[in-house]
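Here is a short briefing on one protein chain. Keep the sequence and the 3D view open as you read.

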Amino acid sequence: MIHFELHTIDWNAISAIATTLALIFAYWSIHASNKQAQKSNEFQLKLLKKENEQKGLDEFIHKVIEIYDAVNPLDILNYSSKLMNDKFTDQDRIAIEENANNDQINCVRLNVLMLQMDKLESAKSLIIELGDIRETYGYWMRNMNLISMYFDKQYLPNSKDFIVKAMQEMGDICIRYNPEYESYIQSICNSDLDIKEQCMKILECFETELSMQLQQKRKNFEKHLYDYVKAEQMRINSII
């Protein structure tokens, strides 16, 4: 039979050990809790970063597509053909004027986008490419607007200088894209045709060449846009 004698147990020592164990347990509990809280905070920060980056990408794509959709090569063929065949209506002229105003607005939007993406080289190159597409479309829009208004007698008689300037610009742009146009355009300018006939012949070259250029530029841009969005989306998805 075993006998315990309470007066031989050092209760102070046992109490000290128990207190020490409790402190150790409390320390590890607090440490584990802090570590879990830190992980939770890191996750929340990463989640917030991912949401912000995704929102930024979505907004960027929306702005780019909005500008891109406004550039339609079929407009060039459609309205130019109507003007050359004397089928250009008042509604067409109003549509051209509205498109010209929208084109100026898109030019401002592109400049703003460039400022916003100043430190993102991949996005900047995409904006520059889109700007080139808009500028090409703008060449046609600006000159088409002038020509249609002139032959619709919206200008004073001395505005013939505007048409001569438009013809010169259209000819220079055609030659820039395709030097083979040079001799043909020169022969038109040196011919005995009246200014309207000369203008229509140069416009025919102009709308054909610009339409081809825009179609090719749009094709290249679509591929680059896809590659950019794919790379950015992969980067964003890897945040978490």
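Which residues is Phe60 in contact with, leaving aside its neighbours within four places in sequence? They are Leu113, Met117, Ala123, Leu126, Ile127 and Tyr228. Bear in mind that this is a predicted model. The chain has seven helices and zero strands. The points below go from the overall build to single residues.

**Overall build**

- From the N terminus on, the elements run α-α-α-α-α-α-α.
- The chain has 240 residues, and buried residues make up 32% of them.
- Take the contacts between residues at least 6 apart in sequence: 79% of these join residues at least 24 apart.
- The accessible surface of the chain comes to about 15,800 Å². Carbon and sulfur atoms account for 56% of that surface.

**Confidence**

- The average pLDDT of the chain is 83.
- A score of at least 70 is reached by 80% of the residues.
- Confidence is lowest in α1, with a mean of 76.
- Confidence is highest in α6, at 92.

**The nonpolar core**

- In soluble globular proteins, nonpolar side chains tend to be buried together.
- In this model, the largest nonpolar core has 49 residues.
- The residues with the most contacts inside this core are Phe60, Trp140, Met144, Ile147, Met170, Phe206 and Phe221.
- Which elements give two or more residues to this core? They are α1 (11-69), α2 (73-84), α3 (90-116), α4 (121-151), α5 (160-177), α6 (181-189) and α7 (195-237).
- Phe60, one of the residues with the most contacts in the core, touches Leu113 and Tyr228, among others.

**Cysteines**

- How many disulfides does the count come to? The count comes to zero.
- A disulfide is a covalent bond between the sulfur atoms of two cysteines.
- Look at Cys205, whose place is in helix α7.
- The cut-off for a disulfide is 2.5 Å.
- Leaving aside neighbours within four places in sequence, Cys205 is in contact with Cys174, Tyr181 and Tyr184.
- Cys205 and Ile175 are 30 residues apart in sequence, and their C-alpha atoms are 9.9 Å apart in space.
- Is Cys205 buried or exposed? Cys205 counts as buried, because its relative accessibility is 8% and the limit for buried is under 20%.
- Cys189 counts as partly exposed, at 38% relative accessibility.

**Salt bridges**

- The structure holds eleven salt bridges.
- Arg109 forms a salt bridge with Glu66, and their closest N and O atoms are 3.9 Å apart. Arg109 sits in helix α3 and Glu66 in helix α1, 43 residues apart, so the pair links distant parts of the chain.- Arg109 is partly exposed, with a relative accessible area of 36%. Glu66 counts as partly exposed at 38%.
- Glu97 and Arg93 meet through their side chains in a salt bridge, at 3.1 Å from N to O. Both lie in helix α3, four residues apart, which is about one turn of the helix.
- Glu97 counts as partly exposed, at 25% relative accessibility, whereas Arg93 is buried, at 14%.
- The side chains of Glu232 and Arg235 form a salt bridge, at 2.9 Å from N to O. Glu232 and Arg235 are three residues apart in helix α7, so about one helical turn separates them.
- Glu232 is buried, with a relative accessible area of 17%, whereas Arg235 is partly exposed, at 35%.
- Salt bridges that share partners join Glu53, Glu232 and Arg235 into one network.

Conventions:
Residues are numbered from 1 along each chain as its sequence is written. Side-chain values use heavy atoms; hydrogens and water are left out. A nonpolar core is a set of buried Ala, Val, Leu, Ile, Met, Phe, Trp, Tyr and Cys residues joined through side-chain atoms within 4.5 Å. Buried means under 20% relative accessible area, exposed over 50%, partly exposed in between (1.4 Å probe, protein chains only). Contact means heavy atoms within 4.5 Å. Accessible areas come from the Shrake-Rupley method with a 1.4 Å probe; for residues, only the protein chains shown count as cover. pLDDT is the predictor's confidence in each residue, from 0 to 100. A salt bridge is a side-chain nitrogen of Lys or Arg within 4 Å of a carboxyl oxygen of Asp or Glu.
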